[in-house]
Amino acid sequence: MLHTRLSLALRDGAVSLPEDGRILVVGPTAEQDLSALPKDQVTIYSRFFPDHDHWTSRGFDTVSTLPDSEFAAALVCAPRSKTLAHSWVQAATKATNGGLVLLDGQKTDGIDSLLKALKKRADLLGTLSKAHGKLIWFKNADVADWAAVDTQLEGGFTTRPGVFSADRVDKGSAVLAAAMPAEIKGRVADLGAGWGYLSRHILERSGVTSLDLIEADLVALECAKINITDPRANFIWDDATRFRPPAPYDVVISNPPFHTGRAGDPNLGRAFIRSAAAMLSPSGRFVMVANRHLPYEDTLGELFREVEELGGTPGFKLLSGTKPRRTRR
């Protein structure tokens with residue numbers, strides 16, 4: 001774990017943080033422990049709304065845009081995406097002007113391959129292995145070519161490193177887009193909109209008066225702003241499982257995530273369903289796509305008066321819930 005490795009390295013004097021100057025921490029999740037760092041010196045970069053909200057609520061200086069200068073040191077919390085890890089290391093190196101950068105990550109997230117690459121590109125100062133991961137610290141990394149670069153997909157879509165399905169259209173989204181109900185109209189939300197693939201298909205319906213793209217990954221939402229230019233679209237950076245609109249929606253569309261890290265977590269999809277039900281008007285409709293094996297029908301039955309399967313493919317099912325049930329007070 002990050003806290004274990006960092007605490008050991010600091011306690012044993014293997015690595016020393018600057019007594020003065022800011023320390024940039026890139027991409028920590030809400031589950032990670034930063035208590036080994038001097039809080040008054042720390043600036044946290046987080047693009048994921050729930051994590052950003054977590055660190056802000058705990059009094060940390062938290063930003064949603066990567067700073068590019070004036071830091072004495074940086075700690076990068078390695079993500080699963082290799083291209084995103086590369087871009088974060090490059091950004092940290094730039095922000096510290098080639099100064100001290102620490103990189104922490106689990107073996108399952110590719111920390112060993114990052115170490116191998118950095119041995120050829122940086123002045124490696126030390127490593128510490130513990131708890132199925134590594135903490136690496138280095139200076140003067142030659143990683144300018146690791147900077148984030150946009151990807152252009154078929155259909156004129158732009159994506160960036162680390163966003164969900166950055167290199168191709170997600171299969172579930174493609175299934176939902178191909179079978180999108182024709183009668184979608186009124187106030188609509190795309191819950192967990194990503195970089196806007198489904199939203200573009202939703203906006204092909206002339207009866208849609210407005211579409212809110214609700215997405216927790218700010219970088220994905222920035223891509224959506226590039227990919228969607230329809231004036232009916234509104235872009236909302238928020239936690240889809242907690243967001244509540246100022247007025248109910250007529251329709252909510254979603255391809256909800258079902259992973260927390262590497263682990264499958266159907267409860268995340270259930271949280272999307274509950275959130276959708278709370279957002280809808282009394283006669284509103286929720287349409288979602290899910291992998292065939294995910295057990296969402298019971299949750300839909302608890303929350304909607306009418307539930308049906310709209311079809312799909314051998315791998316995916318399209319589900320619809322209409323007329324959300326209201327809990328009696």
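Q: Which residue in β11 is the bridge partner of G186?
A: V208 is the bridge partner of G186. Strands (E, at least two residues) and helices (H or I, at least four) are DSSP runs, numbered from the N terminus.

Q: What kind of model is this?
A: A predicted one, where local features need pLDDT of at least 70 and side-chain atom pairs count only at pLDDT 80 or more, while totals for chains, interfaces and linings use all residues. Residues are numbered from 1 along each chain as its sequence is written, and side-chain values use heavy atoms, with hydrogens and water left out.

Q: Back to β10 and β11. In what sense do they pair, and over how many bridges?
A: They pair in the parallel sense, over six bridges. Two strands pair if DSSP finds at least two bridges between them. β10 covers residues 186-191.

Q: How does the chain cross from β10 to β11?
A: Through helix α6, residues 197-202. This β-α-β crossover is right-handed. That is, with the strands pointing away from the viewer, the path from the first strand over the helix to the second runs clockwise.

Q: Why is β11 largely enclosed by the rest of the structure?
A: Because seven of its eight residues, in the run 208-215, are buried. Buried means under 20% relative accessible area, exposed means over 50%, and partly exposed is in between (1.4 Å probe, protein chains only).

Q: And how do β11 and β12 pair?
A: In the parallel sense, over five bridges. β12 is residues 233-237. L213 stands opposite F235 in β12. From β11 the chain crosses through helix α7 (residues 218-227) to β12, and this β-α-β crossover is right-handed.

Q: Where does α7 lie?
A: Across β11 and β12, running at about 170 degrees to β12. Contact here means heavy atoms within 4.5 Å. Axes are lines fitted to C-alpha atoms, for helices over the stretch in contact, and angles run from 0 to 180 degrees between N-to-C directions.

Q: What is the order of the open sheet that has β12 and β11 in it?
A: β12-β11-β10-β13-β16-β18-β17, seven strands with mixed pairing. β12 and β17 (304-312) are the edge strands, each pairing on one side only. The twist averages 20 degrees from one strand to the next.

Q: What about the open sheet with β3 and β6 in it: which order do its strands form?
A: Seven strands again, in the order β3-β2-β1-β4-β5-β7-β6, and the pairing is mixed. β3 (61-63) and β6 (123-130) stand at the edges with a single partner strand each, so one side of each has no neighbour in the sheet. Here the twist averages 20 degrees from one strand to the next.

Q: In what sense do β5 and β7 pair?
A: Antiparallel, over six bridges. β5 is residues 100-106 and β7 is residues 133-139. Q106 stands opposite G133 in β7.

Q: Which strands does helix α3 lie across?
A: β1 (23-26), β2 (42-45), β4 (73-77), β5 and β7. α3 is residues 82-95, and it runs at about 170 degrees to β4.

Q: New topic. How many aromatic pairs are there in the whole structure?
A: Seven, from a search of the whole structure. Rings of Phe, Tyr and Trp (its six-membered ring) pair if their centres lie within 6.5 Å; planes under 30 degrees apart count as stacked, over 60 as edge-to-face and the rest as tilted.

Q: Is W195 buried or exposed?
A: Buried, at 5% relative accessibility. Y197 is buried too, with a relative accessible area of 15%. F157, W195 and Y197 form one aromatic cluster.

Q: What lies over the face of F157?
A: R200, at 3.8 Å from the ring centre. A charge sits over a ring if NZ of Lys or CZ of Arg is within 6 Å of the ring centre and within 35 degrees of the ring normal. K39 lies over the face of F60, at 5.0 Å from the ring centre.

Q: What phi does E70 have?
A: A positive one, about 70 degrees, although E70 is not a glycine. Most residues other than glycine have a negative phi. E70 is in the loop between β3 and β4. With 71% relative accessibility, E70 counts as exposed.

Q: And where is K323 found?
A: In strand β18, residues 316-324. K323 has a positive phi of about 60 degrees, and K323 is not a glycine. K323 is partly exposed, with a relative accessible area of 36%.
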